[in-house]
Amino acid sequence: MISDMTWSGAVHMQPGILMFTGAVGSAHMHSHAAVQIMIIDDGDVTVTDGDGHSEVVRSVVIPSGAVHALSASEGARGRAIYVDSTTGMGLRIRPPEPGRGDVADWSDRGQTAVVMTDRGADSDLEYAARLIDSLSEREKASNLGALHPALEHALTLLPERISGQVTLTDIAALVSISPGRLGRIFNDQLQMSFSTYIRWLRLRRAMEVMSSGATLTTSAHEAGFTDSAHLNRICHSMFGLTPSAATGDLTWN
């Protein structure tokens, strides 16, 4: 029996990482601006990639920007770790080869990382950090090149401005580079567009506000969305879920 779309459990948020632990639900086709590491402890979860290939996975590493869907059996439980792909951690675990691969590649990377990482008595967050280290050890040095100074500057400016209007032109002016050049740097070094990263920042901010008990409308406005319907569309495109399904039965830590 397939579960519904609702996830229930605990969410831990810290700079660069969002981690879910608990009952895993299903999710429509989506893609997010983070590297996702998922480990299934009980039940079955089928991952389908953007080309329609499906695989039942025990562990999987899904690159940022990779289109996929999740179909979870009733009683499925596990952990989902979202690593911001603009951080050093995210850049290190990005696939070293061009392209985003397919579900078989994602499953292979996940299984290898789990085998290389001793679970021990670590907390979930400590285990997540160890998994990231294991993935980092496998990747080529080409992933570790320094970010362009203008991009680094932009990444420090954006979180402070996310509640209001943010344009590529305005940010480019602040970091002394042309908008076209800054846009190309985002695509080349982060493998995502400027607008995609803005949507991800807004969604994370909305989740932070919702975690304090705020309404959907208040959370949307605090994060710079036009309204709750706008937040709903972005949440669905990046998590395959509505905000209520994504956050309605979660404990925030």
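## Salt bridges

The whole structure, a predicted model, holds 5 salt bridges. Side chains of opposite charge can pair when their charged atoms come close.

One of these bridges joins the side chains of D41 and R79, with 2.5 Å from N to O. The two partners come from distant parts of the chain. D41 sits in strand β4 (residues 34-42), and R79 sits in strand β9 (residues 77-84). They are 38 residues apart. Their surroundings can be compared through accessible area. D41 is partly exposed, at 38% relative accessible area. R79 has 8% relative accessibility, so it counts as buried, since the cut-off for buried is under 20%.

Which residues are linked in a network of salt bridges? R204, R205 and E208 are. E208 meets R204 in a salt bridge of 3.9 Å, N to O. E208 also forms a salt bridge with R205, where the closest N and O atoms are 3.4 Å apart.

Spacing along the helix comes next. E208 and R204 are 4 residues apart in helix α7, so about one helical turn separates them. R205 and E208 also both lie in helix α7, 3 residues apart, which is about one turn of the helix.

R204 counts as buried, at 12%.

## Aromatic pairs

A pair of aromatic rings is described by the distance of the centres and the angle of the planes. The structure has 5 aromatic pairs. One of them is F186 with F194: the centres are 5.3 Å apart, and the planes make an angle of 85°. This pair is edge-to-face, because planes over 60 degrees apart count that way.

F186 has another aromatic partner, Y197. Here the centres are 6.2 Å apart and the planes are at 45°, a tilted pair. This pair links distant parts of the chain. F186 lies in helix α6 (residues 179-190), while Y197 lies in helix α7 (residues 194-211). The two residues are 11 residues apart. Y197 is buried as well, with a relative accessible area of 3%.

## An aromatic cluster

Which residues form one aromatic cluster? Y82, W200 and F239 do.

Technical notes. Residues are numbered from 1 along each chain as its sequence is written. This is a predicted model: local features need pLDDT of at least 70, side-chain atom pairs count only at pLDDT 80 or more; totals for chains, interfaces and linings use all residues. Side-chain values use heavy atoms; hydrogens and water are left out. Rings of Phe, Tyr and Trp (its six-membered ring) pair if their centres lie within 6.5 Å; planes under 30 degrees apart count as stacked, over 60 as edge-to-face and the rest as tilted. Buried means under 20% relative accessible area, exposed over 50%, partly exposed in between (1.4 Å probe, protein chains only). A salt bridge is a side-chain nitrogen of Lys or Arg within 4 Å of a carboxyl oxygen of Asp or Glu.
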